Amino acid sequence: MTAPVNTGPGTERVRETAPAGAATRRPVTGSVHSWDLSTGVDGPGARFVTFLAGCPLACLYCHNPDTWQLRNGRRTAADEIVAEAAKYTAFIRAAGGGATLSGGEPLLQPVFAGELLHRFKHELGLHTALDTSGFLGARASDALLADTDLVLLDIKSWDPALYRKVTGGRGETGPTVDFARRLALLGNEVRVRFVLVPGLTDEPDNIEGVAAFTASLGNVSRVDVLPFHKLGAAKWEAVGRTFPLAGTPAPAPGQVAAAREIFAAHGLYAV
């Protein structure tokens, strides 16, 4: 696995002047932690997944805390990542897959993310997906979203206080809600992801809030109820942090089924 770059996070929304909307491409670099091939986790089929470095949040259940800082990545040209993905295009197409940007938070580097999505889609002819919390959704240009076939949107909580707790005191509900509504207006396909953590996100009223909002959008093709796990605990130790949910158990199968039933009751396809 390999990775790219380091660019400043920026503060305003990137518009059509970003590379994803330009007629002529230009060299772009970004901070990427790594890349990998996956199946059935990061979008449909086999995926070439690029993990961009840097994230504004510090989620208590994060399994990639080693991607939080831009410095955790390596400065790399978009050309290098596209050339790497090109080696696997025949396999990816045969497996009904595509290319996914994950992280970290890809929208911390919107110009670089837009460049990769555009080139994955138009040069390599791959289905594209963006894995994001939506917290920095205002930084995504309409052009970037036009090059995104699927958004994997992580809605962490409906209750504002709980959302802030889940994100390590760094997040707010509003930006994700605004981004989700914008995606609905643009007609982007969305898969909502909701991590079920016993004693944290599993209150029925909280799940009900996420479900009702998700159902109101009209562009959500699927909801993934993701059971909390501790597979990333060792990474917390490796970066010198204490895993805050070390004493939290994984949800029982019945708890996961109950959460899925709440989403299904709103007419959503939940798995």
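**Note on cavity, pockets and sheet**

1. The lining of the largest cavity has 5 nonpolar, 3 polar and no charged residues (nonpolar: Ala, Val, Leu, Ile, Met, Phe, Trp, Tyr, Cys, Pro; charged: Asp, Glu, Lys, Arg; polar: the others, Gly among them). The model is predicted: local features need pLDDT of at least 70 and side-chain atom pairs pLDDT 80 or more, while totals for chains, interfaces and linings use all residues. Numbering starts from 1 along each chain as its sequence is written, and side-chain values use heavy atoms, without hydrogens and water.

2. The residues around this largest cavity are Ile 155, Ser 157, Trp 158, Tyr 163, Thr 173, Thr 176, Val 177 and Phe 213. Helix H6 (residues 173–186) supplies the largest share of that lining, 3 residues. The volume of the largest cavity is about 30 Å³, and the structure holds 1 cavity of 30 Å³ or more. On a 1 Å grid over the protein atoms alone, a cavity is a set of points where a 1.4 Å probe fits but cannot get out; a pocket is an open set with protein on both sides within 12 Å along at least five of seven lines; lining residues have an atom within 4 Å of a point.

3. The largest pocket has a volume of about 760 Å³ (space filled by probe spheres on points joined across faces, edges and corners). Its lining numbers 34 residues, and those nearest the centre of the pocket are His 63, Asp 131, Asp 154, Arg 193 and Leu 226. Two or more lining residues come from each of strand E5 (127–132), E7 and E8. Strand E8 gives the most, 5 residues. By class, the lining of the largest pocket divides into 14 nonpolar, 11 polar and 9 charged residues.

4. The second largest pocket holds about 180 Å³. It is lined by 10 residues, with Ser 34, Asp 36, Phe 51, Asn 64 and Lys 235 closest to its centre. Strand E1 makes the greatest contribution to this second lining, 3 residues. The classes in the lining of the second largest pocket are 2 nonpolar, 5 polar and 3 charged.

5. The protein contains 9 helices and 8 strands (DSSP runs of H or I, at least four residues, and of E, at least two, numbered from the N terminus). Along its principal axes the C-alpha trace spans about 50 × 40 × 40 Å.

6. An open sheet of 8 strands has the order E3-E1-E2-E4-E5-E6-E7-E8, with mixed pairing (strands pair if DSSP finds at least two bridges between them). Neighbouring strands are turned by 30 degrees against each other on average, direction ignored (axes are lines fitted to C-alpha atoms, for helices over the stretch in contact; angles run from 0 to 180 degrees between N-to-C directions).

7. Strand E6 (residues 150–154) and strand E7 (residues 189–196) are parallel partners over 5 bridges. In this pair, Leu 153 faces Val 192 of E7. Helix H1 (residues 78–86) packs on the sheet and touches strand E1 (29–39), strand E2 (46–52) and E3, its direction making about 75 degrees with that of E3 (contact: heavy atoms within 4.5 Å). Helix H9 (residues 253–265) lies across E7 and E8 and runs at about 160 degrees to E8.

8. Gly 104 belongs to the loop between strand E4 (98–102) and helix H3 (110–122).
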